[in-house]
Number of protein chains: 2
Amino acid sequence: MAKSMTTRADDYAQWYNDLVLKSGLAEYSAVRGCMNIKPYGFAIWEGMKDVLDRRFKETGHVNASFPLLIPKSFFSREADHVEGFAKECAVVTHYRLKNDPEGGIVVDPDAKLEEEMIIRPTSETLMWDAYKGWIQSYRDLPLLINQWANVMRWEMRTRLFLRTAEFHWQEGHTAHATSAEAMAEARKMLDVYAEFMEGTMAVPVIRGIKTETERFAGAVETFTVEGLMQDGKALQMGTSHFLGQNFAKAFDVTFLDKEGKRDLVWGTSWGVSTRMMGALIMVHSDDEGLVLPPKLAPTQVVLVPIMKGKDSAGPLLEKLEGIASALRAKGLRVKVDDDDTKRPGWKFAEYELRGVPVRLAMGGRDLENGTIELARRDLRTKETVPADGIVDTVVGLMDTIQDSLFQKALDYRNSHIHRADNWADFEAALDKGGFVFAHWDGTAKTENEIKTKTKATIRCLPLEGQGMETEESGACILTGNPSARRVLFARAY
Amino acid sequence: MAKSMTTRADDYAQWYNDLVLKSGLAEYSAVRGCMNIKPYGFAIWEGMKDVLDRRFKETGHVNASFPLLIPKSFFSREADHVEGFAKECAVVTHYRLKNDPEGGIVVDPDAKLEEEMIIRPTSETLMWDAYKGWIQSYRDLPLLINQWANVMRWEMRTRLFLRTAEFHWQEGHTAHATSAEAMAEARKMLDVYAEFMEGTMAVPVIRGIKTETERFAGAVETFTVEGLMQDGKALQMGTSHFLGQNFAKAFDVTFLDKEGKRDLVWGTSWGVSTRMMGALIMVHSDDEGLVLPPKLAPTQVVLVPIMKGKDSAGPLLEKLEGIASALRAKGLRVKVDDDDTKRPGWKFAEYELRGVPVRLAMGGRDLENGTIELARRDLRTKETVPADGIVDTVVGLMDTIQDSLFQKALDYRNSHIHRADNWADFEAALDKGGFVFAHWDGTAKTENEIKTKTKATIRCLPLEGQGMETEESGACILTGNPSARRVLFARAY
C-alpha cells in the first residue's frame with residue numbers, strides 16, 4: 001500500500017494528503033471544507049483530549065457547555081472581535097423547511113428568524129454574557145472554565161486537519177480579579193500547551209508573543225506555541241490570549257472587590273484544536289506512513305503470528321496472547337493480529353502505514369528457538385531477540401521511542417533556526433526552510449511588506465529562556481531602521 | 001437556600017426548573033431555547049459519558065466524527081426522514097457578514113450559499129454517505145461507529161435538559177451484512193442503555209417497541225426505554241432503531257458477500273442525550289434539592305469541619321484530611337470544605353441542594369471523643385458514629401445508597417403500573433399517574449383519538465421478560481375492537 005504513496009521529497013503537500021487518507025485518519029466529507037474524522041484518526045484525537053483534559057483539571061479548570069449559535073447582535077458587541085471573524089461566518093437565517101409544491105424540499109420563507117444567528121467561530125461572546133450572571137463578587141473569582149466544542153470558520157482553502165471549515169477544539173475562558181492574575185493564567189496555559197506538545201506529542205515548540213497584526217481579534221496580548229514541520233514551514237499549534245477587560249466591558253461583567261468597590265473583570269482565553277493532528281503527522285511521519293509517538297498511538301504494540309497453515313497456529317497464538325496479556329498488564333495498548341486471511345507481509349506494511357510504534361512477529365522456528373522478531377517503526381529496524389524478557393524490553397522501548405522522536409524533531413528544528421542580518425541573507429535563509437531570527441523595525445507596515453515580498457510572517461517574539469535573545473539592538477532587515485530585538489520569521493501553514 | 005424552592009406537591013414543573021437553576025446544573029442562555037450547562041451539571045454529564053463510552057467500546061464500537069452541516073439535498077434523500085425533521089431545522093443560507101454602510105453588521109447578500117445547509121438534527125444521512133465509501137465487501141462489516149455530538153431541533157416549547165433546541169447526545173450508526181445481525185445490534189444497544197440507566201443512574205426502565213406513529217423517521221422498528229418520573233409522567237430515555245435497508249437504499253450502500261453477490265447493507269442507529277439528565281433529576285430528587293446516585297455524583301462525600309475560631313482548626317482539619325485521603329485511596333470522589341467564611345449550616349444546606357450522597361461533619365468534641373457525624377442525603381438521616389472504621393462504612397454506603405435509590409424508584413414505578421379494561425377505568429388510572437397497561441386495537445386512528453381525549457400516548461409495547469404479558473386477547477379500551485395484546489400508555493414529557 002505504502003508503495004503507491006507520494007514521497008515527501010516529491011511533493012510534501014501531496015504526501016501529507018495521501019498519508020491522511022491512506023492511513024485512515026480522515027477524509028473530506030460531502031460538505032464543502034468539512035471532514036469525516038475516521039475511527040483511527042479520532043482515537044488519536046481522543047488520546048490528546050484525555051491528556052489535555054486531565055491537565056486542565058489538575059490546573060483547577062472545570063468543563064461546561066455553551067450554545068452553538070450566537071445572535072448577531074451579541075457577536076457585534078466587541079468591535080475588534082466581529083471585525084476579525086465577520087468574513088468567515090456561517091449564518092442561520094431560517095428555522096424550517098417545507099415541501100415545494102413543485103416537488104422537493106425548500107426553505108420555508110415564513111420561518112425567517114427575526115435576528116440572524118452565527119455558528120460560533122469561538123465563544124467569547126456567549127460565555128462572557130453568561131459570566132455576567134455568574135460573577136458578583138471577588139468570591140466568584142477566578143472563574144476557570146473550559147469547553148470542548150466544534151466551531152466553524154468558513155475557510156475558502158481547506159486542508160485536512162490543518163484548516164477546515166468546521167473543527168474540534170477546546171476553548172478555555174477565564175475571569176480574574178486582577179490584570180496580573182489574568183496575565184499569569186494566560187502564560188500558565190501556554191506552558192501547559194507547550195508541555196503537552198513536547199511531552200506527549202514529541203513536537204518541540206517555541207513559545208512567544210504575537211505581533212499586533214497577528215493578535216487574536218479582541219485580545220490585548222496573544223501568546224503562541226510554534227512548531228516546525230519537516231518541509232521547513234512553521235505551524236501555529238495553539239494560542240493563549242490575555243484579553244484585558246475588553247470582553248468584560250463589552251458584556252458589562254463587574255465584581256465587588258474585598259473593599260466593596262465595583263470593578264471590571266480581567267479575562268483570558270486559550271485554545272488548541274484538531275489542527276494539532278496535522279502537526280503530529282507532519283513532524284514525525286515518513287515516506288512509509290505514519291510514525292506515532294507511543295503516548296498517542298492507539299495501538300502501541302502489534303503482535304503478528306507467522307503461521308504456516310492452521311495446524312501450527314495454536315501454540316504460536318497461545319504464546320503471543322501470553323505476551324500480549326503481560327504487556328496489557330503493564331498498561332500498554334496491544335493488538336494481536338491473528339487474521340488468517342491476510343499475509344504477514346501485508347500486515348507489516350499496514351502497521352507501518354498506521355504508525356504502530358513496535359511490531360513483534362513470531363513464527364514456528366522462533367517458537368522452537370525461544371526468539372521473537374522486534375521491529376521499531378521510528379527507525380525501521382528489526383532484530384531477532386530472546387522471547388524471554390521481551391515484555392520488559394517493549395515497555396522500556398515506549399519511553400525510548402518517545403524520547404527519540406522528540407530528540408529527532410528537536411535536532412531538526414534547532415538546525416533550522418537561522419540568523420540573518422541583511423535582506424539577501426534573510427531571503428536565502430527563508431529558502432533553506434525553517435525559522436529566521438532577524439531584526440524588524442516594529443511596524444505593521446514593514447511586517448506586511450516582508451510578507452508580500454517573501455510570504456514569510458512573524459511567527460512570534462520568542463519568550464525568555466529558550467536560548468534566543470529577547471533584547472538586542474540592531475537594524476531592521478528590510479528598512480534598516482533601529483530594532484530593539486530579533487523576531488522569528490517563517491513561511492507558515 | 002433550599003427553603004425558597006417550590007415543592008414537588010406545589011408545582012412539579014416549577015420545582016424541577018427551580019432545582020436545575022439553584023443547584024447550578026444549567027440555565028437558559030441568551031440564545032432562544034438553548035442552555036448553558038454549568039460546571040456542576042456538565043460534570044454529571046461527563047460521568048454519564050464516561051460510563052457509556054466505555055460500554056460502547058467494550059461492545060466493539062469505535063468513535064468517529066462527521067460534519068455539523070448537512071446539504072439540503074442529502075437531507076432529502078430518505079423521504080420519511082426529511083418528512084420527520086423538516087419542520088424543526090436550523091438552516092444556514094449565508095457564509096459572511098459585512099459592515100452595513102448605515103452602521104452595524106449585516107448578512108452579506110453576496111455570500112449566499114448555492115445550496116442551503118441544515119444543522120444536523122441527527123446524522124444518518126451524512127454517515128451513510130460516508131459509509132458508501134467505507135464499505136465494499138463483507139470484510140468491512142459489521143461497521144460499528146458511534147459519534148458524540150451536538151444536534152439541533154428547533155423546538156418551540158423548551159425545558160432545561162428535557163427539550164432544548166440544541167442538545168448533546170451520542171448517536172451510534174452501524175452497518176451489517178444481514179437483517180438478523182442488525183436487529184440483534186439494535187436490541188443489544190437497547191440493553192446497554194437499560195443496564196446503564198438501571199445500574200448507573202438507578203432509574204428503572206421498561207424496554208419496549210414503539211408504535212408506527214411514534215417510530216423514528218426512517219426506521220423499520222424503533223425500540224425504546226421508558227422511565228417514570230415522580231409526577232407520574234413517563235419519559236422516553238433513549239431509543240434504538242432497526243433501519244432495515246432504508247438508508248442503504250437512499251445512499252446506495254452495497255457490499256459483496258462471501259459468494260461474490262452484491263447486496264444492500266442493513267443498518268441500525270441508537271442514541272441517548274442530555275435528556276437523561278432530566279430523568280436523573282426528576283426520579284430521585286426531593287424538596288430539599290438534588291439526590292444523586294453515588295455512581296454519578298461529582299462529589300460523593302463531603303467533609304465539613306465544625307470550627308470554633310481558627311485555633312482549633314489545625315488538628316480537626318488534619319483528622320478530616322486523613323479520612324479524605326483514605327477515602328480517595330479507595331477510589332471515592334471527596335471534598336473537604338474548609339472555607340472559614342461560611343457557616344456549617346449554610347454548607348449543609350448547600351450540599352443537600354447539590355445532592356452529595358454522604359456528608360461527614362466533625363467538631364472539637366467529636367475529635368476528643370473519637371466520633372464523627374454521618375449524614376445520608378437520600379434518607380436525610382444523620383447519626384454520630386465512631387471515627388474509627390468510618391472509611392469502610394462510607395465505602396460500603398456507596399453501594400447501599402445506589403441500591404436503595406434504585407429500589408425506591410422501582411417500587412414507585414411498579415406501584416404505578418395500572419391495568420384498565422374499560423374507558424372509565426382507563427381515564428381514572430391515567431389520572432392517578434403512571435403507566436396504564438391496556439388493550440388497543442392496533443390502529444393509528446385509535447391511538448390518535450386516545451391522545452386527543454386524554455393527552456396519553458402509547459409509550460411502548462413492552463418486550464418479553466419484564467412481567468408484562470406480550471400476548472393476551474382482549475378488547476380495545478376505546479373502540480372495543482379485538483386486540484392481541486396490551487400496550488403501555490402514559491402521559492409523557
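The following dialogue goes through some features of a predicted model and the criteria behind them.

Tutor: This is a predicted model, in which local features need pLDDT of at least 70, side-chain atom pairs count only at pLDDT 80 or more, and totals for chains, interfaces and linings use all residues. Residues are numbered from 1 along each chain as its sequence is written, while chains are lettered from A and ligands numbered from 1 in the order in which they are written.

Student: What makes the two copies related as by a two-fold rotation axis?

Tutor: Chain A is superposed on chain B by a rotation of 180° with 0.0 Å of shift along its axis, at an RMSD of 0.0 Å. The two copies are thus related as by a two-fold rotation axis. In chain A, V92(A) has the C-alpha nearest the axis, 2.1 Å from it. The same surface serves both copies, as 100% of the contact residues of chain A recur in chain B. The superposition is by least squares on the C-alpha atoms of residues with pLDDT of at least 70 in both copies. Contact here means that the C-beta atoms of two residues, placed from the backbone, lie within 7 Å.

Student: Why is helix α8 of chain A called largely enclosed?

Tutor: A residue is buried if 20 or more other C-beta atoms lie within 10 Å of its own, exposed if 12 or fewer, and partly exposed in between, with C-beta atoms placed from the backbone. In helix α8 (residues 275–284) of chain A, 10 of the 10 residues are buried, so the helix is largely enclosed by the rest of the structure. Among them are R275(A), M276(A) and H284(A). The helix itself is a DSSP run (H or I, at least four residues), as a strand is a run of E of at least two, and both are numbered from the N terminus.

Student: How do you know that D129(B) counts as buried?

Tutor: D129(B) has 24 C-beta neighbours inside 10 Å, and therefore counts as buried. D129(B) belongs to helix α5 (residues 124–134) of chain B. Not counting residues up to four places away in sequence, D129(B) touches A30(A), F74(B) and F251(B). The C-alpha atoms of D129(B) and A250(B) are separated by 9.0 Å, although the two residues are 121 residues apart along the chain.

Student: What makes P305(A) buried or exposed?

Tutor: P305(A) has 25 C-beta neighbours inside 10 Å, so it counts as buried. P305(A) lies in strand β17 (residues 301–306) of chain A. Leaving aside neighbours within four places in sequence, the contacts of P305(A) include A313(A), L316(A) and M362(A).

Student: Why is α9(A) called oblique to α12(A)?

Tutor: Helix α9 (residues 313–329) and helix α12 (residues 390–414) of chain A pack at an angle of about 45°, with their axes 10 Å apart. The axes are lines fitted to C-alpha atoms, for helices over the stretch in contact, and angles run from 0 to 180 degrees between N-to-C directions. Angles under 35 degrees count as roughly parallel, over 145 as roughly antiparallel, 65 to 115 as roughly perpendicular and the rest as oblique. The angle therefore makes α9(A) oblique to α12(A). At this packing, I323(A), A326(A) and L327(A) of α9(A) meet I390(A), V391(A) and V394(A) of α12(A).

Student: What is the angle between α9 and α12 in chain B?

Tutor: In chain B, α9 and α12 pack at an angle of about 45° with axes 10 Å apart, and α9(B) and α12(B) are therefore oblique to each other.

Student: What makes β3 and β22 of chain B edge strands?

Tutor: They belong to an open sheet of 11 strands with mixed pairing. β3 (62–63) and β22 (417–420) of chain B each pair on one side only. Two strands pair if DSSP finds at least two bridges between them. Strand β13 (residues 234–244) and strand β16 (residues 266–273) of chain B run antiparallel and are joined by 5 bridges.

Student: Why is D252(A) called exposed?

Tutor: D252(A) is exposed because it has 12 other C-beta atoms within 10 Å. Its phi is near 55°, a positive value in a residue other than glycine. D252(A) is found in the loop between α7 (246–251) and β14 (254–256) of chain A.

Student: What is the phi of R380(A)?

Tutor: R380(A) has a positive phi of about 55° although it is not a glycine. With 11 other C-beta atoms within 10 Å, R380(A) is exposed.
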